[in-house]
Amino acid sequence: MADLHIQINRDEGGIAGQIAAELREGVRLGRLVPGTRLPATRDLAADLQVSRGVVVEAYEQLVAEGFLVSRVGAGTEVAALGAVRSALPGPVADGGVYGPYHGHRATSPDLGHFPRERWLAAVRHVLATVPSDALDYGDPGGVPELREELAGYLRRVRAADVHPDNLVVVGGVAQGLSLALHVLAPRGGLRLIVEDPTSRRQVPLLERAGARLVPVPVGCDGLVAGDMKGEAALVTPAHQYPTGVVLSPARRAALMEWAGAGDRMILEDDYDAEFRYDRDPVGCLQGLAPDRVILTGSVSKSLAPGLRLGWVAAPAHLAGAIRRARSELDLGSPVIEQYALARFLRTGGYDKHLRRMRREYRRRRDALVRALAEELPEIRVRGIQAGLHVYLDLPDGWDELRVVHAAQSLGLSAEPVGPMRFSPGPPAVVLGFARVPVHQAGEAVRGLKVRMSGHSME
């Protein structure tokens, strides 16, 4: 059993986050190798002279992130994945927080709440019932059962105008967008309107697909659809990333008019549509103009990113071409997982999971927003009506990187907005709340306040 040398600063608060950060760093740097057994939570708490609950929180966070594994009767040990993670760029490596970061993000769900038992039951049912031929090479557009269930779900929940034949199952929104751009402009050069700011992870993907990006500002009502010079537009109307704004009815109408007037296409990333808290449901754009909109979505936020299951709903004249492009790329998605998701949808397990997580994420959001208002009232909090993150407008002169580093040192997931902008803008930070338990939010924000106080922001 490892003898852990963990340093904590009791004056800074956020003790659980500090313990998690120390252990995380030990795994990344190779001090804690895969298979290393950690002390029991009670023993480590006694060594550090903290409450056992604090150590339990730290362990649970690292189990959720994949650094540790915990088994009943076998204790807690460093996961085999830790050896891989130690070679990956961390949040301040390979170009700093501006560089690529594989793993936990500010938009990641709480993977500790993945419905393992129900998903396992669905997989067992699939393996016990599907014929052997179903495991052969199938339709690259996806198994018919899943496309049927997805079409019904999207019509019912997202007010989409979708037929199973127009759906293509893909490995996530990223692949769906790549395939759509390949079909729209097989030789590249498509001028694609993108939101400013936008996800920095999507930019290389879009450019690799041959798109020439044309940034358009996002205001309080969403994309400012004025004189947009492009053949297509990529938007996140349900909950724009990173600002969190919802595309207003007037902006929706203007965007639809722009598309119809110039024979243009809209790529709709149905981002964060499942998790809404303080507003009525907002239907997808695709339901308004199914011949002008390519709808993309996935289960990455609702279930887990690692499932790599998503979909593209395209107009009839494009759906076949997208299916062919998928076939030419990699022959389709894993079959067993597709059948399992189809059963999960059909039996109501997916809806039940979403309702449960919507309640839990709302509680976590409320706790974080309340703590920010009490401890750091100079920070303006926006984009809280839906999703898994909040958008923090920082006071003039504050440094985004300093805030991000302080938050990450406390176990919070944060990203600077600066790299997401095409044009300069005021300082802001995206802060995730999905993995911040209600009872931990106040302590984490107080720790952030202590770390930021007394420091020059410039």
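Two strands pair, in the sense used here, if DSSP finds at least two bridges between them, and strands (E, at least two residues) and helices (H or I, at least four) are DSSP runs numbered from the N terminus. By that rule, S8 and strand S9 (residues 293-298) pair in the parallel sense over 4 bridges, and Leu267 stands opposite Ile294 in S9.

The structure is a predicted model, in which local features need pLDDT of at least 70 and side-chain atom pairs count only at pLDDT 80 or more, while totals for chains, interfaces and linings use all residues. Residues are numbered from 1 along each chain as its sequence is written, and side-chain values use heavy atoms, with hydrogens and water left out.

In strand S8 (residues 265-269), 5 of the 5 residues are buried, so the strand is largely enclosed by the rest of the structure. Both of its faces are covered, with Met265, Leu267 and Asp269 buried on one side and Ile266 and Glu268 buried on the other. Strand S7 (residues 232-235) also runs parallel to S8 and is joined to it by 4 bridges, and within this pairing Ala233 has Ile266 of S8 as its bridge partner. Between S7 and S8 the chain passes through helix H9 (residues 249-261), and this β-α-β crossover is right-handed, a term that applies if, with the strands pointing away from the viewer, the path from the first strand over the helix to the second runs clockwise.

**Strand S10**

Strand S10 (residues 310-313) is likewise covered on both faces, with Gly310 and Val312 buried on one side and Trp311 and Ala313 buried on the other. Strand S3 (residues 167-170) is antiparallel to S10 and joined to it by 4 bridges, and S9 is also antiparallel to S10, again with 4 bridges. Gly310 takes part in both pairings, being the bridge partner of Val170 and of Ser298.

**Salt bridges**

Side chains of opposite charge can pair when their charged atoms come close. A salt bridge is counted here when a side-chain nitrogen of Lys or Arg lies within 4 Å of a carboxyl oxygen of Asp or Glu, and the structure holds 19 of them.

| Residue pair | N to O distance |
|---|---|
| Arg156 and Asp351 | 3.2 Å |
| Arg292 and Asp263 | 2.6 Å |
| Asp278 and Arg365 | 2.5 Å |

In the pair Arg156 and Asp351, Arg156 lies in helix H6 (residues 144-158) and Asp351 in helix H12 (residues 349-375), so the contact ties together parts that are 195 residues apart in sequence. Arg156 is exposed, with a relative accessible area of 53%.

In the pair Arg292 and Asp263, Arg292 lies in the loop between S8 and S9 and Asp263 in the loop between H9 and S8, so parts that are 29 residues apart in sequence are tied together. Asp263 counts as exposed, at 59% relative accessibility.

In the pair Asp278 and Arg365, Asp278 lies in the loop between S8 and S9 and Arg365 in helix H12, so the link joins parts that are 87 residues apart in sequence. Asp278 is partly exposed, at 38% relative accessible area, whereas Arg365 is buried, at 4%. Elsewhere, salt bridges that share partners join Asp110, Glu360, Arg363 and Arg364 into one network.

Conventions:
Buried < 20%, exposed > 50% of the residue type's maximum accessible area, 1.4 Å probe, protein only.
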